[in-house]
Amino acid sequence: MDLEHNIDGPSNRRFVTMEEHIISQQRNHPTATGGFSWLLSGITLAARIISAKVRRAGIIEVLGEAGDVNLHGEQQQKLDILSNRTLEECLGFRENVGILASEELDEPKVIRGSRGKYIVIFDPLDGSSNIDVNVSVGTIFAVYERDTSNFNGSDPLMDVLQPGVKQLAAGYIVYGSSTVLTYTTGEGVHMFTLDPSVGAFVLAQEHVKMPETGKMFSVNEGNWNSFPRGVQEYLKWCKTKEAGPYTARYIGSLVADFHRTLLRGGIFLYPPTSKAPKGKLRLMYEANPIAFLAEQAGGKATDGKQRILDKQPESLHERTPLVVGSKGEVELVEEFMHRHAAQEALVEG
Ligand code: P6P
């Protein structure tokens with residue numbers, strides 16, 4: 001779709017902003033009120049502010065630990081706190097947002113009553129432990145609708161704990177060599193690059209498709225000894241001449257590792273480990289948004305057994321194993337896991 005000529009006639013401009021892209025997308029939905037694009041503009045505003053802070057981290061003394069730990073016992077980085085506050089402020093100005101939930105907040109925050117029909121859940125700065133060594137970090141977000149029909153001040157947590165398949169939108173911003181925002185509203189995956197000279201996210205790629213296969217795996221092999229046997233056998237196979245062999249790439253920042261997988265294909269795995277028997281990554285604000293994007297790009301995302309988007313969350317900060325990437329690669333891991341689970345069951349039986 002040549003967007004430049006779909007927005008009120010021809011334009012001499014050679015770029016399309018994210019806000020314009022969202023509005024052009026919403027034109028496909030006659031019932032769209034524009035409220036959704038107003039909400040997403042809150043996210044792009046926060047992303048531009050966070051990007052400026054991340055890029056000047058060394059200068060404006062926001063590097064390093066804030067001296068506090070978050071509810072997970074993880075050292076809070078100053079930029080974590082600044083990013084969380086930025087998202088709260090920018091989204092707080094969107095009158096259609098009723099509830100915010102964040103990795104940095106113990107509980108969901110109700111910011112409006114029944115008028116606020118949207119819920120926004122986010123990881124304000126994923127991979128923040130990498131900040132001090134100048135490795136890419138990112139913001140991850142998911143948008144849900146709140147059932148305000150029976151709004152009676154019910155427990156906001158009940159509104160928030162929805163399976164990923166209910167997401168209205170999801171995306172991430174990766175603060176890397178450039179700042180790139182990738183989002184989906186269920187009509188494909190679209191990518192925008194922040195152009196500092198314009199101060200806006202401009203369209204870089206529409207309808208991004210993940211390659212069907214990819215001979216690249218991304219996993220922290222330091223946890224090898226506690227991986228499930230099926231994962232170990234898959235990785236061993238990847239290293240054989242018969243398989244390729246595959247290339248290994250691991251940055252240790254989910255958004256950066258997934259961004260590469262989305263564009264190049266391959267697979268990212270964070271399996272259960274002895275330190276994190278339920279997996280390390282969070283279902284609500286890491287795995288679900290990433291899984292929505294992966295599926296919309298033709299990829300797949302499971303916990304090794306079950307589709308991520310079908311998982312019914314029991315708590316806001318629950319963790320999950322994550323296997324995400326090219327469809328063919330994820331299915332190969334599932335096959336190895338199924339085969340070895342059957343063998344292990346036989347041995348146990
Ligand atoms: P490990 C960053 O701390 C993070 O939450 C994700 O961004 C990343 O994928 C993962 O943890 C890295 O974990 O145990 O390999 O350092």
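How do the residues of the shell around the ligand divide into nonpolar, polar and charged?

## Ligand shell

In this predicted model, the shell comprises five nonpolar, four polar and three charged residues (Ala, Val, Leu, Ile, Met, Phe, Trp, Tyr, Cys and Pro count as nonpolar, Asp, Glu, Lys and Arg as charged, and the others, Gly among them, as polar). Among the residues that surround the ligand are Asn220, Tyr250, Phe268 and Glu286, where a residue is near a molecule if one of its heavy atoms lies within 4 Å of it.

For the side chain of Tyr270 the distance is 2.6 Å, for that of Asp126 it is 2.7 Å, and for a polar side-chain atom of Lys280 it is 3.0 Å. The protein covers 80% of the 400 Å² of accessible area that the ligand has on its own (Shrake-Rupley method, 1.4 Å probe).

## Pocket

The ligand sits in the largest pocket, meaning that more than half of its atoms lie within 2 Å of the grid points. A pocket is an open set of points on a 1 Å grid over the protein atoms alone, where a 1.4 Å probe fits, with protein on both sides within 12 Å along at least five of seven lines; lining residues have an atom within 4 Å of a point.

The volume of this pocket is about 540 Å³, and 27 residues line it, with Glu74, Asp126, Gly127, Ser129 and Lys280 nearest its centre. Strand E5 (118-126) is one of the elements that each supply at least two lining residues; its three residues are the largest share.

## Basis

Residues are numbered from 1 along each chain as its sequence is written, and side-chain values use heavy atoms, without hydrogens and water. Local features need pLDDT of at least 70 and side-chain atom pairs count only at pLDDT 80 or more, whereas totals for chains, interfaces and linings use all residues.

Conventions
A polar contact is a pair of N or O atoms within 3.5 Å; within protein, one must be able to donate a hydrogen and the other to accept it, and residues adjacent in sequence count only if both atoms are side-chain atoms. Grid points are joined across faces, edges and corners, and a volume is the space filled by probe spheres set on the points. Helices (H or I, at least four residues) and strands (E, at least two) are DSSP runs, numbered from the N terminus.
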